[in-house]
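Reader: I am new to this structure. Could you show me how to read its features, one at a time?

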Amino acid sequence: MRYCTMSATSELNRERQHRLAQRLREQLPVLSRAPLMTVEGSLTRVVGLTLEAVGCQVQIGSRCRVVDIDGAALEAEVVGFAGDRVHLMPIGDLAGIAPHARVVPLRRVARVSVGNDWLGRVLDGEGDPLDGRPKPRGEASAPLSGRRINPFERAPVREPLDVGVRALNALLTVGRGQRLGLFAGTGVGKSTLLGMMTRYTAADVIVVGLIGERGREVRDFVEHSLGPEGLARACVIATPADRSPLQRLHGAALATTVAEHFRDRGLNVLLLMDSLTRYAQAQREIGLAIGEPPTTRGYPPSVFAKLPALVERAGNGPEGSGSITAFYTVLTEGDDPQDPIADAARGILDGHIVLSRRIAEGGIYPAIDVEASISRVANDCTSREQQQLVRRLRALLSAYQRNRDLIAIGAYQKGGDPRTDAAIALWPLIEKFLSQDVQAGAGFGESLAQLQALLDQGPAT
């Protein structure tokens with residue numbers, strides 16, 4: 001009798017456990033949607049643009065909301081930590097934030113939803129509209145940090161890209177998927193050259209990142225350099241100099257993310273980033289603010305780690321996908337080519353185009369210094385005949401520049417050097433070839449034909 005009672009009890013317990021397990025399984029979808037407990041922190045210190053908080057567990061790159069006692073709030077991003085103190089950089093303005101404000105982790109990293117409705121738009125570094133139109137919805141979400149591509153999976157750079165600029169097409173041929181630096185001081189015409197490429201380059205999509213430049217230049221670039229036709233196939237990401245350093249970093253990352261989106265869909269993208277120097281300066285502000293030691297001319301080590309991480313995202317995608325041909329402007333302070341950012345950029349890019357103040361003062365635009373410039377993939381994208389023409393013209397340029405002072409004062413005696421004689425005879429035609437009207441594009445085939453016609457008028461060199 002006792003045995004029967006114990007068996008019935010065990011059976012009843014098993015039935016109860018089964019029903020409880022069934023109810024738990026039914027509630028799992030509801031529990032999965034329930035908000036997790038969030039451990040909030042407290043704002044303890046604000047120095048410059050750096051916020052310090054304690055009491056919250058967050059990851060580098062994640063977002064937090066800083067909420068004041070009166071309800072004022074702003075978003076900030078975690079950029080570092082020391083012990084139990086978390087360092088954050090604000091996305092917006094710090095006005096109104098008081099001591100001991102709540103720091104609420106948002107459990108998300110910076111992401112953006114990109115799509116075809118981004119074309120024809122002017123947006124800021126957070127993807128918010130600057131052109132007065134509704135915010136684009138996009139179609140695919142992607143992190144601002146992008147994704148790495150195995151170097152062996154990338155398609156090689158083999159096809160030339162027609163950029164519509166005669167000197168570049170003929171003498172410094174750009175490959176589809178190449179990354180180039182545009183090195184120039186202030187007022188030498190880099191914005192004008194970028195505008196020419198936006199109008200004349202044979203690309204499916206154009207993405208322009210205006211990073212840390214003057215706010216006046218944004219509207220001027222959109223209305224005059226791009227124009228309505230150019231803007232229709234372009235997306236402009238603008239974070240002017242008055243935005244926070246974190247927004248300037250996000251602007252460069254967002255422009256690259258947009259370019260990656262269209263490359264992954266098989267399109268050929270032209271990415272213009274103006275400028276890589278302002279991007280580096282924004283990272284310098286952040287690095288110094290959180291205590292990084294300054295090393296090379298005041299730049300902390302993180303700057304030289306961020307530059308290749310950004311640049312390597314451009315280029316060709318895997319076989320069968322599209323490409324990102326990127327131009328990054330580099331400001332050479334005082335026209336000093338040994339500026340640390342310029343020096344670092346030359347090492348990580350596939351070539352550099354130097355704009356010379358001396359050439360610009362001579363009235364030649366675009367003021368490209370052909371001798372100081374190089375395209376590292378030009379030989380992979382051009383024929384042997386074109387390479388021979390380029391070498392002949394470079395030899396004439398070099399001969400003329402070596403004797404420039406003697407020629408200017410009339411001290412050079414004709415017959416001293418046949419190559420210099422040929423350079424002097426052809427110099428007016430060479431200057432005309434290197435100069436180009438802003439409103440006139442020059443196709444790739446047309447540029448080569450004009451180079452051939454120029455050299456045919458002189459003796460063999």
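Author: Start with the lining of the largest pocket: its residues divide into 21 nonpolar, 10 polar and 10 charged. Keep in mind that this is a predicted model.

Reader: How many residues line the largest pocket, and which lie nearest its centre?

Author: The lining has 41 residues. Nearest the centre are Leu144, Ser145, Lys306, Ala309 and Arg313. The space in this pocket comes to about 1,100 Å³.

Reader: Which helices and strands each supply at least two residues of that lining?

Author: Three helices do: H5 (245–263), H6 (276–289) and H7 (301–311).

Reader: How many cavities of 30 Å³ or more does a search of the whole structure find?

Author: A cavity differs from a pocket, because a probe fits inside a cavity but cannot get out. The search finds one of 30 Å³ or more. The volume of the largest cavity is about 50 Å³.

Reader: Which residues line the largest cavity?

Author: Val188, Gly189, Thr192, Leu193 and Met196 are among them. Leu355, Tyr365, Pro366, Ala367 and Val438 line the cavity as well. By type, the lining has eight nonpolar residues, two polar and no charged.

Reader: Tyr365 and Pro366 sit side by side in that list. What kind of peptide bond joins them?

Author: First the general idea: most peptide bonds are trans. The bond between Tyr365 and Pro366 is cis, with omega about -5°. Pro366 belongs to the loop between helix H9 (357–361) and strand S19 (374–375).

Reader: What is the peptide bond from Asp274 to Ser275, cis or trans?

Author: That bond is cis, and its omega is near 15°. Ser275 lies in the loop that runs between strand S15 (268–274) and H6.

Reader: What about phi? Is the phi of His100 positive or negative?

Author: Most residues other than glycine have a negative phi. His100 is not a glycine, yet its phi is positive, about 65°. Look for His100 in the loop between strand S5 (85–90) and strand S6 (102–109). Its relative accessibility is 62%, so His100 counts as exposed; the cut-off is over 50%.

Reader: Is Gly127 buried or exposed?

Author: Gly127 has a relative accessible area of 2%, so it is buried; that label needs under 20%. This glycine is in the loop between strand S8 (121–123) and strand S9 (140–143). Setting aside residues up to four places away in sequence, Gly127 touches Trp118, Lys135, Pro136 and Leu254.

Reader: How far apart are Gly127 and Gly251, in sequence and in space?

Author: They are 124 residues apart in sequence. In space, their C-alpha atoms are 8.6 Å apart. Now take another pair: Arg297 and Asp204 are 93 residues apart in sequence, and 40 Å apart from C-alpha to C-alpha. Arg297 sits in the loop between H6 and H7, and counts as exposed at 53% relative accessibility.

Reader: Now the helices. What span should helix H13 have, and how far apart are its end C-alpha atoms?

Author: H13 covers residues 418–434, which is 17 residues. At 1.5 Å a residue, H13 should span 24 Å. Its end C-alpha atoms are 22 Å apart, which agrees.

Reader: Where does H13 bend?

Author: H13 bends at Leu426, by about 60°. Pro428 follows within four residues.

Reader: Which residues of H13 are buried?

Author: An α-helix has 3.6 residues a turn, so residues three or four places apart point the same way. In H13 the buried residues are Thr420, Asp421, Ala422, Ala423, Leu426, Trp427, Ile430, Phe433 and Leu434. They pack against helices H2 (166–171), H11 (384–402), H12 (404–409) and H14 (444–456).

Reader: What covers the buried residues of H11?

Author: The cover includes H2, helix H10 (378–381), H12, H13 and H14. Among the buried residues of H11 are Leu389, Val390, Leu393 and Tyr400. H11 has 19 residues and reaches 27 Å from first C-alpha to last, close to the 27 Å expected.

Reader: Which residues does Arg404 contact, leaving aside neighbours within four places in sequence?

Author: Arg404 contacts Arg358 and Trp427. Arg404 is in helix H12, and is partly exposed at 32% relative accessibility. Trp427 is one of the buried residues of H13.

Notes. Residues numbered from 1 in each chain as written. Predicted model: local features only at pLDDT ≥ 70, side-chain atom pairs only at ≥ 80, totals over all residues. Heavy atoms only, no water. Expected span 1.5 Å × (residues − 1). Bend = angle between axes of the 7 residues up to and from the residue. Buried < 20%, exposed > 50% of the residue type's maximum accessible area, 1.4 Å probe, protein only. Contact = heavy atoms within 4.5 Å. 1 Å grid on protein atoms, 1.4 Å probe; cavity = no way out; pocket = protein on both sides within 12 Å on 5 of 7 lines; lining within 4 Å. Points joined across faces, edges and corners; volume = space filled by probe spheres on them. Nonpolar A, V, L, I, M, F, W, Y, C, P; charged D, E, K, R; others polar.
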